[in-house]
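Trainee: I would like to learn how to read the features of a fold. Please show me the model, and we can go through it step by step.

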Amino acid sequence: MKVLHIITGLDVGGAEQQLRLLLRRLPAHCEVITLTDPGPVAHGIEADGTPVTHLGMTGNRDLTALPRLAGLIRGGGYDLVHTHLYRACVYGRIAARMAGVRAVVATEHSLGDAVIEGRRLTRGVRTLYRATERLGTATVAVSDTVAARLRRWGVPEQRIHVVPNGIEAHRFAFDPAARALVRTRLGLPLDAFVVGGAGRLVPGKRFDVLVRAVTQLPGVHLLLAGAGPEREMLRRMAEQFGSGDRIHLLGERDGAVDAMADGRAADGRAADGPDIPGLLSAIDVFVSPSPDEAFGLAALEALGSGLHVLYGSCPAVDELPADQAPGARHFSLGVHELATALRELRRGGPGRLPVPPVVRRYDITRSAEALMSVYEQAVAAAAPVRRRNPAAVPPPQGRTAALPAAAVSLPDPSRSPDPSRLSKR
């Protein structure tokens, strides 16, 4: 089976890293097109042997991308197109239909109750999503929670398939040597109580709550991995509370795929700080304050390192019995509650926990096998449809030739109102 994956971008992120992990295990010939931003994950995917093409999309409403994308699909002779993330799902479904490919699967990685990919859902975004979803064959939800949201949106039950995210658990195993090395490089006392967090520094992740909570705990350090528009605000907040020397903003960290001991990133560049496995070994407690997650991949990786985890939202844990993740604890979004929970853990000396059953449940190999089953069903469903001869399909003429009306105006989640106003307390 020949499969084309279309994704919005390939910078460091959960969906991007998840794609790379799956590509390593899918028993299919795969290629990748990124609409924008061929970042570090693109270099890693290419290093693994999967070709990556950069479409060069200049903006969210760059309609010239559609005929270019359709041409690449038409010329590739693909059996199936798999789209990832909002913009790629919208453009990819339309382009696949233009190119005559009927087997189209989309994975919904980041659909929350009020946000999609970190930005507030508007009526236009929701309407366009539903309209283009009908052009596909199946929609994959990364959790039962996301599947329920899709059903509420009106996506037919028979089109929804739940394929959870997965991890390579062995990469996140606690490493005492890495703990000492990371703390020494960052200038942290070996006996300090260190809290960790990781993710995009955007309003919806509510890392402001985490920073403020740590500032209330004298002597406690925070290692926060990630990049985004809130980085400078969080830095200023730490300094305002007199905690600039205890709040360490590490920037983007690799590690969901490459736990490299030599301190190099996925694309071979020298790294100036710990990767995610090293970060997890160095800390004592992991906090994921986001109140609206689609899965909770970062929290799952932390559980794989034997850490206590405090989280605002984590369907990967909440959808299972409590004994599957005894070290995970939900907290309501609030600075005082989080500070109190961290204080209690510090007092009790959290130590390392056995890796819980939930980690084994979400093994990436199982995810790849389940996804391949979805592919086979999608291709089988498309087979009765008489396929058009790609050579007989004339290329579109002009910017909007043969484009569905829905493609003319594409709402941009990045321009939606700031979701932080939805959840401040």
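Mentor: Start with a strand pair: β13 and strand β14 (residues 308-311) run parallel, joined by 4 bridges. Strands count as paired if DSSP finds at least two bridges between them. Helices (H or I, at least four residues) and strands (E, at least two) are DSSP runs, numbered from the N terminus. This is a predicted model: local features need pLDDT of at least 70, side-chain atom pairs count only at pLDDT 80 or more, and totals for chains, interfaces and linings use all residues. Residues are numbered from 1 along each chain as its sequence is written, and side-chain values use heavy atoms, with hydrogens and water left out.

Trainee: What holds paired strands together in general, and which residue of β14 is the bridge partner of F286?

Mentor: Strands of a sheet pair through backbone hydrogen bonds, either parallel or antiparallel. Here the partner of F286 in β14 is V309. Strand β10 (residues 194-198) is also parallel to β13, through 2 bridges. There G196 stands opposite F286.

Trainee: Which way do the side chains of β13 point?

Mentor: V285 and V287 point one way from β13 (residues 285-288), F286 and S288 the other way. All are buried, meaning under 20% relative accessible area, with exposed over 50% and partly exposed in between (1.4 Å probe, protein chains only).

Trainee: What is the strand order of the open sheet?

Mentor: The 6 strands run β12-β11-β10-β13-β14-β15, with parallel pairing. β12 (247-251) and β15 (328-330) are the edges, each pairing on one side only. Neighbouring strands are turned by 20 degrees against each other on average, direction ignored.

Trainee: How do I read a helix against this sheet?

Mentor: Look at contacts (heavy atoms within 4.5 Å). Then compare axes: lines fitted to C-alpha atoms, for helices over the stretch in contact, with angles from 0 to 180 degrees between N-to-C directions. Helix α8 (residues 207-215) touches β10, β11 (221-225), β12 and β13, and its direction makes about 160 degrees with that of β11. Helix α9 (residues 231-240) touches β11 and β12, at about 165 degrees to β12.

Trainee: Why does G304 count as buried?

Mentor: G304 counts as buried because its relative accessibility is 3%. Leaving aside neighbours within four places in sequence, G304 is in contact with F172, A173, V355 and V359. Its C-alpha atom is 8.6 Å from that of R171, 133 residues apart along the chain.

Trainee: Which residues touch the most other members of the largest nonpolar core?

Mentor: A nonpolar core is a set of buried Ala, Val, Leu, Ile, Met, Phe, Trp, Tyr and Cys residues joined through side-chain atoms within 4.5 Å. In the largest, of 73 residues, L69 and I73 touch the most other members. Helix α4 (residues 86-99) gives the largest share, 9 residues. Apart from this core lies another of 30 residues, including L23 and A103.
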